[in-house]
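Subject: Structure handover

Hello,

Please find the structure below. My notes on what turned up in it follow.

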Amino acid sequence: MNMDGNVLQIIVQDISVGVVVLDQAYTIVIWNKFMEKYSGLKSDEIIGKNIFKEFPYLSEEWLDFKLKSVFLLKNFSFTSWKQRPYLFKFINSRPITGSADFMYQDCVFLPVVDSVSAKNYATIVIQDMTNVALYEKQLEELKEINSTLEQLSQYDTLTSTFNRRYMEKQLEQEFNKSKRYGNEFTVAMLDIDFFKKVNDTYGHPGGDEVLRQVTKLVAMELRLSDVLARYGGEEFLIILTETGLSDAQGVCERIRKRVETSVIGFDGKEIHVTISLGLSAYKSTLDDYLQLVNAADIALYRSKKEGRNRLTIY
């Protein structure tokens, strides 16, 4: 189909993307209405001028490389707003995308040869991607917020250790892994002895400080692979991964002694507390992790019944 040159010119002028045509000396040959609107420069003001002199903020090294590829190799080239937010620094003035200072742009570089004069030109087509860019940025921000909320939902706000919800997920995973591969692991439940007395003597702020400091003391004896969680009130649960009863017993005794020999400072006073522990080990005959936790709970009850500040193995 042959199309009249005037028709083509109307299309280029009225199309809703920016069109700039340059000769090999980087002189502007065509500057359409889109470019006039966003640059504030009429075509008769800019045509015939060197693009780098008129827009000194353009990266000459980068754009020269792009344009030489177009002129010499006759290749198409493209750059996304994700790589380079914009080529021309057009102020973004639309209210709906007011949070962007400049118009985000995708740019296509096209080789053009004049069939009459055989002269080579490079056409730059600029598409406004501001709405898309801002939508994607907001989506990324939303993902980061959701990720942060998900992480926060796993922690106990007072002690900064994991909470019961997270622990139960880990217990289920560890139990299923052992069921499938036969890995050994143990569960320890511990409780601060006479914690009500601590609260009665030092008030709830004192009790809260004891919970925080005991959490730190327990964590000092654990590996990165172990999991510690506040299971409720003054009760904590520990998963000792890849650990049999004998080694787990040693870890629990070290935890008990560390708490027993430590001094917790609060409001100028020294607080001494002890803990009781119950320990149970995974067995292939168990049906679910709750049986394992229940066994550790029974062992803990025995520790308390037999005088506290001790470890009992189920």
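The model is a predicted one. I begin with a charged pair: Arg212 and Glu209 are joined through their side chains by a salt bridge, with an N to O distance of 3.1 Å. Both belong to helix α8 (residues 195–219), and because they are three residues apart there, about one helical turn separates them. Arg212 is partly exposed at 29% relative accessibility, whereas Glu209 is buried at 17%.

The next pair bridges two elements. Arg254 and Glu221 form a salt bridge between their side chains, at 3.2 Å from N to O. Arg254 sits in helix α9 (residues 245–261) and Glu221 in the loop between α8 and β7 (227–232), so this contact ties together parts that lie 33 residues apart in sequence. With a relative accessible area of 43%, Arg254 is partly exposed. Glu221 has a relative accessibility of 17% and therefore counts as buried, the limit being under 20%.

Helix α9 also holds a pair of its own. Glu260 and Arg256 are four residues apart in that helix, which is about one turn. Their salt bridge has its closest N and O atoms 3.5 Å apart. Of the two partners, Glu260 is partly exposed at 33% relative accessibility, and Arg256 is buried at 11%.

How many salt bridges does a search of the whole structure find? The search gives 17. As background, side chains of opposite charge can pair when their charged atoms come close.

On the nonpolar side, there is a surface patch of about 310 Å², made by Val7, Leu8, Ile11 and Ile15. Val7, one of its members, is located in helix α1 (residues 5–14). Val7 has a relative accessible area of 37%, so it is classed as partly exposed.

Last, the cysteines. A disulfide is a covalent bond between the sulfur atoms of two cysteines. The structure has zero disulfides. Are Cys107 and Cys252 buried or exposed? Cys107 is buried, at 1% relative accessibility. Cys252 is buried too, with a relative accessible area of 1%.

Regards

Definitions and conventions. Residues are numbered from 1 along each chain as its sequence is written. This is a predicted model: local features need pLDDT of at least 70, side-chain atom pairs count only at pLDDT 80 or more; totals for chains, interfaces and linings use all residues. Side-chain values use heavy atoms; hydrogens and water are left out. A disulfide is a pair of cysteine sulfur atoms within 2.5 Å. Buried means under 20% relative accessible area, exposed over 50%, partly exposed in between (1.4 Å probe, protein chains only). Patches are made of residues with over 30% relative accessible area and no salt bridge: like charges are joined within 9 Å, nonpolar side chains (Val, Leu, Ile, Met, Phe, Trp, Tyr) within 5 Å. Accessible areas come from the Shrake-Rupley method with a 1.4 Å probe; for residues, only the protein chains shown count as cover. A salt bridge is a side-chain nitrogen of Lys or Arg within 4 Å of a carboxyl oxygen of Asp or Glu. Helices (H or I, at least four residues) and strands (E, at least two) are DSSP runs, numbered from the N terminus.
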